[in-house]
Amino acid sequence: MEQESSVELLQRYRRDRQILLDFILSGSLIKKVVMPPGAVTLDDVDLDQVSVDYVLSCIKKGGMLELSEAIRDYHDHTGLPQMNSGGSSGEFFLVTNPEFSGSPPRRAPPPIPASVSMPTPSAPVFAPSPVVSTVSRSVSFDSTQVQELTVDDIEDFEDDDDLEEVNSLKISRRNPNDVGDIVLKLPSFATGITDDDLRETAYEILLACAGASGGLIVPSKEKKKDKRSKLMKKLGRSRSENIVAQSQHAPGLVGLLETMRVQMEISEAMDIRTRQGLLNALSGKVGKRMDTLLIPLELLSCISRTEFSDKKAYIRWQKRQLNMLAEGLVNHPAVGFGESGRKASEFRILLAKIEESEAFPPSTGEVQRTESLRSLRDIAIPLAERPARGDLTGEVCHWADGYHLNVRFYEKLLLSVFDVLDEGKLTEEVEEILELLKSTWRVLGITETIHYTCYAWILFRQYVITSDQGILRHAIDQLKKIPLKEQRGPQERLHLKSLHVRIDGEEGSRDVSFLQSFLSPIQKWADKQLGDYHMNFAEGSVVMEDIVTVAMIVRRLLLEESDIAVQSSTVSDRDQIELYISSSVKNSFARILQAVDKSDTMGEHPLALLAEEVKKLLEKDSTIFMPILCQRHPHATIVSVSLLHRLYGNKLKPFVDGAEHLTEDVVSVFPAADNLEQYILDLIKSACESDNVEIHFRKLNPYEIESVSGTVVMRWINSQLGRIIGWVERTLKQERWDPISPQQRHGSSIVEVYRIVEETVDQFFGIKVPMRLMELNALFRGIDNAFQVYANHIVDNLASKDDLIPPLPVLTRYRKEAGIKAFVKKELFDSRLPEQRRSIEINVLTTPTLCVQLNTLYYAISQLNKLEDSICERWTRKRPQGKIYIRKSMDDKSKSSAQKDTFDGSRKDINAAIDRIQEFTGTKIIFWDLREPLIVNLYKPGVSQSRLEAVIEPLDLELNQLCDIIVEPLRDRVVTSLLQASLVFS
């Protein structure tokens, strides 16, 4: 395919080269042009073999140009590398292989150093390829090393604008896009005829068909006088100007034929020869229409060697006519000879004899040629005038009726609708040209279906070349005009059914129908583009919509073909859209993978970067492409996002399965993957009805990020909570129960505990992985347990208040000795006496110490509420609102256990600890600190000496000390417990 595109490019350069050389040689730049032997005019010279540099050298020298020397110079330098003529120091070499040379350089060659001065070679050097030769001319015209051939040196040019217009032609005529991927499914020609051969013969057919309408005249020889005017009109007019009819002097059919000649790039000499030959062929044939002539045979008979000044040109022309006869009547006929190939073999022998006659002396060769043509006519005419398609004998000449050849002719004719200067635009005469081409339908066997199909083909192919959207829209209009099978007439259905060719492909040899030959390449190209629409339509969603329309129309037409309908009966339009989505998404994902592998992640895990890129792809997909595809598949968005969910999930699963601890990679990957999954679920939810959401969700294989990350976070929480318990125990051992300050009358240990707890909470919320309420509850339980340990550890160091209370004294005073005896006996046998058992522990717990402990516990429980509120608030911010779960039951389970456990256990234990310390403090003050004034002095003396005034002063001192340390919210409670203790014996 690429080779065919290169051949087309070389042919295009060759034609441009011929036109420019013909213009230069026909002007007044050269004083005298000496023709080579056997040539009379320039039309007899093969301009492909004339050295351009030799011609330019003669122009600069102002001497005479001998074309024979120019031809010899061209062949002498064939195969040498291309260079300019500025000397070795300024040589500007190009690639010598024309397949890789590309377009001509648009910059000037490197400047020559001022210190270097080299002589100019007398003989220029040439490259063999027309492509490279064109580049050579460009370089030599723009070179600053030698005297340039400027506009002022060319008398036929009037201003610089004309030169710029001619220079812009080379760019405008190049194919901007490769058309190697869109080629007709037709077999190649056995005779090796080229596109130029088809184009020239197609023009001959057009002249014959126009002649049948009486519009064929031979133009005057004076047409050649104004070469400059024709070149400017054809090549040098501005693109911004409207297209002006090039044959304004000849309106009607004559002018339209002249336009066709220019559009099809037919030389005037060939046009005149063909017109004269057709008119001569028709003379003497009374009642014969020109379009019923066997055109190649008649031209071979009516155009002689003497009308060509160049023998090689005549041989090429004759070879083309013979090849056309072979292809039309032998290789690809609609109806064969039917006699076991005897006449076919004889036909080929006669063609070979005509071709060999040119190698004989003129007299002998002419005799053989004349006899062979006569014999050839006897065989070819009956075959060409056979009845077909229901017509009468002699009504149509079926020499090019073999479908393969005639549609290629018609394709070349249809190509004339494009502007020669701007291949992305249709010429102004397009309607007139299409109407004129209808005259060839009888000869070529064209029907309405074939016309619309061929026209849609050349329009779509031109769109591929130029990327002009207007051409694409026009192609869509023509595709829509192609009638379906039931819309065609019975005769046309039979005719189209008979149009089959056998081609060799990757799947072997198979029969291909007409519609398959022309529409299958379009379908293949459209499928290829839509199979990677993310790359091919990155910026143009409107173009993509048109290509989808083309693909669907072509698919509908091809499905009517019997052999395709069987294979594709189960593939609907929706299935085809899903194939496009699947292919393009996979290609895009593969490119993203490749880009991520090659990129510098800067510490970010590749899976996290991949998730971000996939999300960007989804955003672009949902805004640009899905609105187009959803027109033909309502669930296109679901198909796309589900596939991307699965593709990313396949890459993510090994990482998730191996995640056991909270590492940097886990913290990087899990949030990105979870965000991607949530975005995908949001897209699915917005793309379908609410009733069907769960159905599509169940088709997904969830990433289970929350489950795995929950397990990892639980391991981290357990390790952190163990550290907190260790810190609690350590701080309690170091605690001296001294107030931090007069304003902060609690111990320092609780501040340290809260600092550790808050650090753990900060770290917990600093973990950017998805979490469930389960992990939050675990954190609550762990912190709750730490405060319970703290409160219980304080209480565990308290002595029992029963150890502080002495035994009850004897209430009667009637027998003093008995009372004293009973008291002493009780004292001796009571094991709870603190003086003997717990004096050391009780002495340590002074009133200030107990007050600081109470203050500390009160601080703990008051700050606990703030901690709880802070955690809940941060969890609300961390937890996304309206999060979607693929498995709804999992979410329900999480919600059911949301607020079961907070800090209720620690509150209960701290309050219990405060109550116990309060009771112990009051009891201790009464029965331990005020033991002397209350027990010894109040009960042991006599009644007259035991008065309350003796206790007031020491009790007041204790209360003052107590109130100075205890925090105000606990003051009344502690005093109350003290008073309650004082009433134990009352």
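A residue is called buried here when its relative accessible area is under 20%, exposed when that area is over 50%, and partly exposed in between, as found with a 1.4 Å probe on protein chains only. By that criterion, helix α25 has Q576, I577, Y580, I581, S584, V585, S588, F589, I592 and V596 buried.

The structure is a predicted model, in which local features need pLDDT of at least 70 and side-chain atom pairs count only at pLDDT 80 or more, while totals for chains, interfaces and linings use all residues. Residues are numbered from 1 along each chain as its sequence is written, and side-chain values use heavy atoms, with hydrogens and water left out.

The protein chain holds 41 helices and four strands, these being DSSP runs numbered from the N terminus (helices H or I, at least four residues; strands E, at least two). Of its 986 residues, 51% are buried. Where contacts (heavy atoms within 4.5 Å) join residues at least 6 apart in sequence, 78% of them link residues at least 24 apart.

Helix α25 covers residues 573-598 and reaches 38 Å from its first C-alpha to its last, close to the 38 Å expected at 1.5 Å a residue, where the expected span is 1.5 Å times one less than the number of residues. Its buried residues pack against the helices tabulated here.

| Helix | Residues |
|---|---|
| α21 | residues 514-530 |
| α22 | residues 533-536 |
| α23 | residues 541-559 |
| α26 | residues 606-629 |
| α27 | residues 636-658 |

Elsewhere, S709 lies in helix α30 (residues 705-734) and is buried, with a relative accessible area of 1%. Leaving aside residues up to four places away in sequence, S709 touches F670, V769 and P770.
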